[in-house]
Amino acid sequence: MAALYENKMMSSGENLLTATVPLMKLLSLTVIGLVLAHPKAQMIPRATFRLLSKLVFALFLPCLIFTELGESITLQNIALWWFIPVNVLVSTLIGCFLGVLVVLICRPPPQFNRFTIIMTAFGNTGNLPIAIVGSVCHTKDSPFGPHCHSRGVAYVSFAQWVAVILVYTLVYHMMEPPMQYYEIVEEGTEIEEQPTNDVSRPLLVEAEWPGIEDKETEHSKTPFIARIFNSISSLSQTNFPDLDLSERSLSSPRSIQCLAEPRVVRRIRIVAEQTPVQHILQPPTIASLFAIIIGMVPQLKAFFFGYDAPLSFITDSLGILAGAMVPSVMLILGGMLAEGPKDSTLGLRTTIGITVARLLVLPLLGIGVVALADKLHLLVQGDAMYRFVLLLQYTTPSAILLGAIASLRGYAVKEASALLFWQHIFALFSLSLYIVIYFKLLTYI
């Protein structure tokens, strides 16, 4: 009996060690980046981290997605993995409800209500989960068995396209400057625009979307939807730049069609035309698309993947580049944290509320969702990594990409910077706690 109790204690200790060591590895990489980018040391200038973020965005991450997802995915796997993108939608929906509760309880400044909901709802579904999976699998005694890294990266990559669509549609419009806030700014003398190559721009702005300053449009920093759906036309005409909607509709050949459209339908169409859906086709998304197409066609897959594949030298080369993705991402995160929190008018209570809802409450609800899905036989049977990735989607802090969207829309940039800083600091503890819990639960769900 004593021997059995001792074996249980040893097993519990091994599980705890197995769960915490991967995060300690990531923490070590982050600390190195923090030390290198610290303002007092300045061993590596900020421009270097910006260049590194561009390499991750345009090269390292697409290479990793293509090599791992392309080799793992098949037409049959797409049918088996369908719950992964659905889980992103479920986690976002639950996060939105939690965000509404945070607004009701913490009562942030009115202009930050939508910002609070978005920052609570949308977590990091790409770089950070890939880094965690890579670190968990980077051990001889991986708890997820053989091909741990390939399966984990494939699962995370398969969910990214849903998150990208949500960011460039729903999040883009939700991060629109509120009309009242825009009017207050317009009453001032002049708005100073930051130069496109401003070195004072926070690193998080370009951490996951380099070159964002080139994506600004005529209406990206205006309450475009608020004006379109504003029922008081005189107010919109005096406070906002003219969109020339009437002239365009009368001068175009489709004028009769436009006039025949119901007013609400026409407004929705105009908003849809201004939605930057073209930004969805970023290098990581294109790599995912190519990987899925090649993976679904066995004849194409045989050319790229396999020991005797004619083009295996290309995938091997891409695999070498992909190996730089995880350390680069963690170094960039360290550089972002080295900048420290920016001044924020969000309020301490709201900052704590978003952090607690996102990093403590949402993972608990995620455990319930994944357990229920397993009971309903919606998940791949006997695949612990599949469940681990699903749980991670509820556990990560808010997406760093939200900081870039805030900068693009000119809305709550400093608040996003400060909130992302404190969330990632607290995530060191919450991720450690929940990964230990997940490792325990994966033997039961």
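A disulfide is a pair of cysteine sulfur atoms within 2.5 Å. The legends below describe a predicted model, in which local features need pLDDT of at least 70 and side-chain atom pairs count only at pLDDT 80 or more, while totals for chains, interfaces and linings use all residues. Residues are numbered from 1 along each chain as its sequence is written, and side-chain values use heavy atoms, with hydrogens and water left out.

**View 1. The disulfide of Cys137 and Cys148.** By the rule above, the count comes to 1 disulfide. The sulfur atoms of Cys137 and Cys148 are 1.8 Å apart. The link is left-handed, with -60 degrees about the S-S bond. Cys137 belongs to helix α6 and Cys148 to helix α7, 11 residues apart, and the pair links distant parts of the chain. Helices here are DSSP runs of H or I with at least four residues, strands are runs of E with at least two, and both are numbered from the N terminus. Cys137 and Cys148 are both buried. Buried means under 20% relative accessible area, exposed means over 50%, and partly exposed lies in between (1.4 Å probe, protein chains only). Another cysteine, Cys106, is buried with a relative accessible area of 8%.

**View 2. The aromatic pair of Phe144 and Phe388.** The whole structure holds 14 aromatic pairs. The rings of Phe144 and Phe388 form a tilted pair, 5.1 Å centre to centre with 40 degrees between the planes. Rings of Phe, Tyr and Trp (its six-membered ring) pair if their centres lie within 6.5 Å; planes under 30 degrees apart count as stacked, over 60 as edge-to-face and the rest as tilted. Phe144 is in the loop between α6 (127–137) and α7 (148–174), and Phe388 is in helix α20 (residues 384–392), so the pair ties together parts that are 244 residues apart in sequence. Both Phe144 and Phe388 are buried.

**View 3. The aromatic pair of Phe421 and Trp422.** This pair is edge-to-face because the planes of Phe421 and Trp422 stand at 85 degrees, with the ring centres 4.9 Å apart. Phe421 is buried at a relative accessible area of 10%, whereas Trp422 is partly exposed at 44%.

**View 4. A cluster of rings.** Trp81, Tyr155, Phe158 and Tyr386 are linked into a cluster by ring pairs.

**View 5. Arg114 and the ring of Tyr411.** The charged end of Arg114 sits over the ring of Tyr411, 6.0 Å from the ring centre. A charge sits over a ring if NZ of Lys or CZ of Arg is within 6 Å of the ring centre and within 35 degrees of the ring normal.

**View 6. The surroundings of Thr116.** Thr116 lies in helix α5 (residues 113–121) and is buried, with 0% relative accessibility. Leaving aside residues up to four places away in sequence, Thr116 touches Gly99, Val102, Val103, Pro108, Leu346, Thr350 and Ile354. Contact means heavy atoms within 4.5 Å.

**View 7. Positive phi at His377 and at Ala412.** Most residues other than glycine have a negative phi. His377 has a positive phi, near 60 degrees, and lies in the loop between α19 (348–375) and α20. Phi of Ala412 is also positive and near 60 degrees; Ala412 is in the loop between α21 (401–409) and α22 (413–441). His377 is exposed, with a relative accessible area of 62%, whereas Ala412 is buried, with 7%.
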